[in-house]
Amino acid sequence: MGARRVGVSGIGMISAAGNDVDASLASMLEGKRSCLPTPSLFNTEIGKPVFECPSDALDKSLLPHMRTFALCLKALEEALADAGICLGDLRTMNAGVSIGTTVSCNLNDLEFYSVLRRGDCPGILPLKRYLFGDISLCLAEMAGLCMPVLSVANACSSGANAIAVGASWIRSGACDIVVVGGADELNRIPYCGFNSLQVMSDEPCLPFDDRRKGLSLGEGAGIIILESLGHALSRGHRPAVELVSWGEGSDAFHI
């Protein structure tokens, strides 16, 4: 039996450019740049421009401590609708979750670390946020899924690696359908970290431009529903796109 074909059954996203795929694409085609001169989500004296998502588009019950998960759920809602399924349907399918993230919403919980640095013992709430900050696991528990579940934290390639992992699960027969993609929030940890690296621009970034002066941090989520072609067709859904190949390398030279 040959490797199974992998279809893209649904896509969803939220970014500073828009709350869904259509709005984000329209902003990009029109050349709109929704950049803030400085973050509104936290206080800082650094003053470098950022790209924030509108908080009013997110589930208020998850803010502020689970912002990455809230971004992920917003994109997932659109992706599932595009695929013609609901979250509860995944329980009856051979489904998996593979999400890439670098910051995540709770893995770098500032309250937890600040209490530790003072020499005190964190209370149960910041400790719980720290221990249960895995967005793939949170999503799997919400959907009632068991395995396979994976969160990929591999810097800038986290989301792409997560997609490749999910596709390999389908191709091998481990899953019929997998929620894949990436999500990250804008928070103080990467903002201060990238400023320390001296790679952030004082102006909104100009990628692929010879006048560029550095990068601008942002936040958002992009979710794809990958599905074996046979499984999609069996439920009357024909994916518009097929994922036919991918590649990964390990060619690091120096930190």
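1. Let me start at P64, which sits in the loop between β2 and α2. Please keep in mind that this is a predicted model. The peptide bond between L63 and P64 is cis, with omega at about 5°. Most peptide bonds are trans, which is why this one deserves a look on your screen.

2. H65 belongs to the loop between β2 (50-51) and α2 as well. Is H65 buried, partly exposed or exposed? Its relative accessibility is 30%, so H65 counts as partly exposed.

3. As a reminder, strands of a sheet pair through backbone hydrogen bonds, and the sense may be parallel or antiparallel.

4. The parallel part can be followed around β3. Strand β3 (residues 95-100) pairs with strand β5 (residues 177-184) in the parallel sense, over six bridges.

5. How many of the residues of β3 are buried? Six of its six are, which leaves the strand mostly covered. In a regular strand the side chains alternate between the two faces of the sheet. Both faces of β3 are covered: A95, V97 and I99 are buried on one side, and G96, S98 and G100 are buried on the other.

6. The antiparallel part can be followed around β7. β5 and β7 run antiparallel and are joined by eight bridges, with D184 opposite G220 in β7. β7 pairs with β1 in the antiparallel sense too, over nine bridges. There, I14 has A221 in β7 as its bridge partner. β7 is mostly covered, with seven of its nine residues buried.

7. Which helices lie on the sheet?

8. The axes of helix α2 (residues 67-83) and helix α5 (residues 135-143) come within 10 Å and cross at roughly 55°. The two helices are therefore oblique to each other. The crossing of α2 past α5 is right-handed. From α2, the residues that take part are T68, F69, L73 and L76, and they meet I135, C138, L139 and M142 of α5. Sorted by class, this contact has seven nonpolar residues, one polar residue and no charged ones.

9. What is the setting of S27? It is placed in helix α1 (residues 21-30). With a relative accessible area of 11%, under the 20% cut-off, S27 is buried. If its neighbours within four places in sequence are set aside, S27 is in contact with A17 and K32.

10. Most residues other than glycine have a negative phi, which is why I would point out the following pair. A155, not a glycine, has a positive phi of about 55°. It is found in the loop between β4 and α6, and its relative accessible area of 48% makes A155 partly exposed.

11. The other residue is F208, where phi is near 65°, again a positive value in a residue other than glycine. F208 is placed in the loop between α7 (188-196) and β6 (217-218). Is F208 buried or exposed? Its relative accessibility is 86%, so F208 counts as exposed.

Note on methods
Residues are numbered from 1 along each chain as its sequence is written. This is a predicted model: local features need pLDDT of at least 70, side-chain atom pairs count only at pLDDT 80 or more; totals for chains, interfaces and linings use all residues. Side-chain values use heavy atoms; hydrogens and water are left out. Axes are lines fitted to C-alpha atoms, for helices over the stretch in contact, and angles run from 0 to 180 degrees between N-to-C directions. Helices (H or I, at least four residues) and strands (E, at least two) are DSSP runs, numbered from the N terminus. Angles under 35 degrees count as roughly parallel, over 145 as roughly antiparallel, 65 to 115 as roughly perpendicular and the rest as oblique. A crossing is left-handed if the near helix is turned anticlockwise from the far one by less than a right angle, and right-handed if clockwise. Contact means heavy atoms within 4.5 Å. Ala, Val, Leu, Ile, Met, Phe, Trp, Tyr, Cys and Pro count as nonpolar, Asp, Glu, Lys and Arg as charged, and the others, Gly among them, as polar. Two strands pair if DSSP finds at least two bridges between them. Buried means under 20% relative accessible area, exposed over 50%, partly exposed in between (1.4 Å probe, protein chains only).
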